[in-house]
Amino acid sequence: MPRPTVAQLTYGSCTVIFSTLAMLLLSQTSSGPGVAVIAIAALGLGLLVAMTVPVSRPSPASASAPAPPVRQQAQPEPVPVPVASVREPTAS
């Protein structure tokens, strides 16, 4: 079984917290069994949301095929500059 991603944990936790608060406020229940039913319903809803969050998976083509080898570009050789080719004007 794969481990849940950070997004799944975040969305599931937020769903549990906010749905519990919303159901408790809307139902205005204060009895123990009522709170327990709401908590279980919120946990189920959070689990459902966490499992339906899309998970990014590598594409089948890139996962099965090996990566192409990296081609190294040849470094251009520096052009030697002859020192004797520089001439200065002479005084006449």
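Reader: Where does Thr52 sit?
Author: Thr52 is in helix 2, which covers residues 32-52. Keep in mind that this is a predicted model.

Reader: Is Thr52 buried or exposed?
Author: Exposed. The relative accessibility of Thr52 is 56%, and the cut-off for exposed is over 50%.

Reader: What does the side chain of Thr52 reach?
Author: The backbone oxygen of Leu48, at 3.1 Å. A polar atom of the Thr52 side chain also lies 3.1 Å from the backbone oxygen of Val49.

Reader: How far apart are Thr52 and Gln8 in space?
Author: 8.3 Å, C-alpha to C-alpha. Along the sequence, 44 residues separate Thr52 and Gln8.

Reader: OK, Gln8 then. Which helix?
Author: Gln8 belongs to helix 1.

Reader: Buried or exposed, that Gln8?
Author: Buried. Gln8 has a relative accessible area of 9%, and buried means under 20%.

Reader: What is Gln8 in contact with?
Author: Setting aside neighbours within four places in sequence, Gln8 is in contact with Arg3, Ala50, Val53 and Val55.

Reader: Switching to Tyr11. Where is Tyr11?
Author: In helix 1. Tyr11 is partly exposed, because its relative accessibility is 48% and that class runs between 20% and 50%.

Reader: And the contacts of Tyr11? Which residues?
Author: Val49 and Val53, leaving out neighbours within four places in sequence. Val53 is also listed among the contacts of Gln8.

Reader: How far is Tyr11 from Gly46, C-alpha to C-alpha?
Author: 7.6 Å. Tyr11 and Gly46 are 35 residues apart along the chain.

Reader: Now Thr20. What does the side chain of Thr20 reach?
Author: The backbone oxygen of Val16, at 2.6 Å. Thr20 lies in helix 1.

Reader: Last topic, the surface. Which residues make the nonpolar patch?
Author: Ile17, Phe18 and Leu21 make a nonpolar surface patch of about 330 Å².

Reader: Take Phe18. Which helix, and what residues does that helix span?
Author: Phe18 is in helix 1, residues 6-27.

Reader: Why does Phe18 count as exposed?
Author: Because its relative accessible area is 56%, and exposed means over 50%.

Conventions:
Residues numbered from 1 in each chain as written. Predicted model: local features only at pLDDT ≥ 70, side-chain atom pairs only at ≥ 80, totals over all residues. Heavy atoms only, no water. Patch = residues over 30% accessible without salt bridge, like charges linked within 9 Å, V, L, I, M, F, W, Y side chains within 5 Å. Areas by Shrake-Rupley, 256 points an atom, 1.4 Å probe, with all protein chains shown as cover. Salt bridge = Lys/Arg side-chain N within 4 Å of Asp/Glu carboxyl O. Helix = DSSP H or I, 4+ residues; strand = E, 2+ residues; numbered from the N terminus. Buried < 20%, exposed > 50% of the residue type's maximum accessible area, 1.4 Å probe, protein only. Polar contact = N/O pair within 3.5 Å; in protein donor to acceptor, adjacent residues only side chain to side chain. Contact = heavy atoms within 4.5 Å.
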